[in-house]
Amino acid sequence: MEFFIDTAEITQIRKYWNMGIIDGVTTNPTLIARSGRDFKQVVAEIAEVVKGPISVEAVSSEASELISEAKEIVKFSEHIVVKIPMTAEGLKAVKELSKIGIKTNVTLVFSSSQALLAAKAGATYVSIFVGRLDDRGHEGMETVYEIKQIYENYDFPSKLIVASIRHPRHVIEAAVAGADVATIPPDTLEKMLSHPLTDDGLRLFANDWEKVKKR
Ligand code: E4P
């Protein structure tokens, strides 16, 4: 299973990349805006650190514009994956981009039927937003199981990303469901790392070690 970090904060990206636990990055317009920095500068900095898939979103509505935008975005690095919205025009763009070897991540996917269409169009990655589904009272993870099954039935090469993760349990459930990727916000990564019993255990061992006779 691959882990991407879902942020545009370079300090967090560097921290977890250097820890060796992330394989790539996903960003979106909200995350870029939250960084408070210039778009090009942020992407260039991420590309300097991360040598794995970096998803950057195209924001046009027409297929032809999405394609031109994608061609510009990929100039940042060989690792760029262009996020394309799950719309009719978006799928048209995905089809064309896949023909010319530009990797895509179809974003804002909320149903198995959308995921099926994205795979048919030739998406490299498909991002299902489980947290936003849960927020609305749905069981987001059920869709993950369904999509996984559909992709397996027909050997679709598209990789399924579980996105909009809200807590560590989402990551565990994504792993159990066999999702290819979980894109995880830094605060959830932090929660996955630590446990109060680990801290207690460390304190206890350190205290007891003091009592051990050492020559
Ligand atoms: C995925 O690529 C998106 O950036 C992200 O997971 C959206 O999550 P949110 O629902 O927390 O905004």
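View 1. The residues around the ligand are Asp6, Thr26, Asn28, Leu31, Lys83, Phe129, Arg132, Ala163, Ser164 and Arg166, each with a heavy atom within 4 Å of the ligand. This shell divides into three nonpolar, three polar and four charged residues. Welcome to a predicted model, in which local features need pLDDT of at least 70, side-chain atom pairs count only at pLDDT 80 or more, and totals for chains, interfaces and linings use all residues. Residues are numbered from 1 along each chain as its sequence is written, and side-chain values use heavy atoms, with hydrogens and water left out.

View 2. Lys83 has a side-chain N or O atom 2.6 Å from a ligand oxygen. For Asp6, the corresponding distance is 2.7 Å. A polar side-chain atom of Arg166 is 2.9 Å from an oxygen atom of the ligand. On its own, the ligand has 350 Å² of accessible area, and the protein covers 84% of that (Shrake-Rupley method, 1.4 Å probe).

**View 3. The ligand takes up the space of the largest pocket.** A pocket here is an open set of points on a 1 Å grid where a 1.4 Å probe fits, with protein on both sides within 12 Å along at least five of seven lines; lining residues have an atom within 4 Å of a point. The largest pocket holds about 410 Å³ of space. Its lining has 24 residues, and Asp6, Asn28, Leu31, Arg34 and Pro185 are the closest to the centre. Elements giving two or more residues to this lining include helix 2 (29-35) and strand 5 (104-109).

Conventions:
A polar contact is a pair of N or O atoms within 3.5 Å; within protein, one must be able to donate a hydrogen and the other to accept it, and residues adjacent in sequence count only if both atoms are side-chain atoms. A molecule sits in a cavity or pocket if more than half of its atoms lie within 2 Å of its grid points. Ala, Val, Leu, Ile, Met, Phe, Trp, Tyr, Cys and Pro count as nonpolar, Asp, Glu, Lys and Arg as charged, and the others, Gly among them, as polar. Grid points are joined across faces, edges and corners, and a volume is the space filled by probe spheres set on the points. Helices (H or I, at least four residues) and strands (E, at least two) are DSSP runs, numbered from the N terminus.
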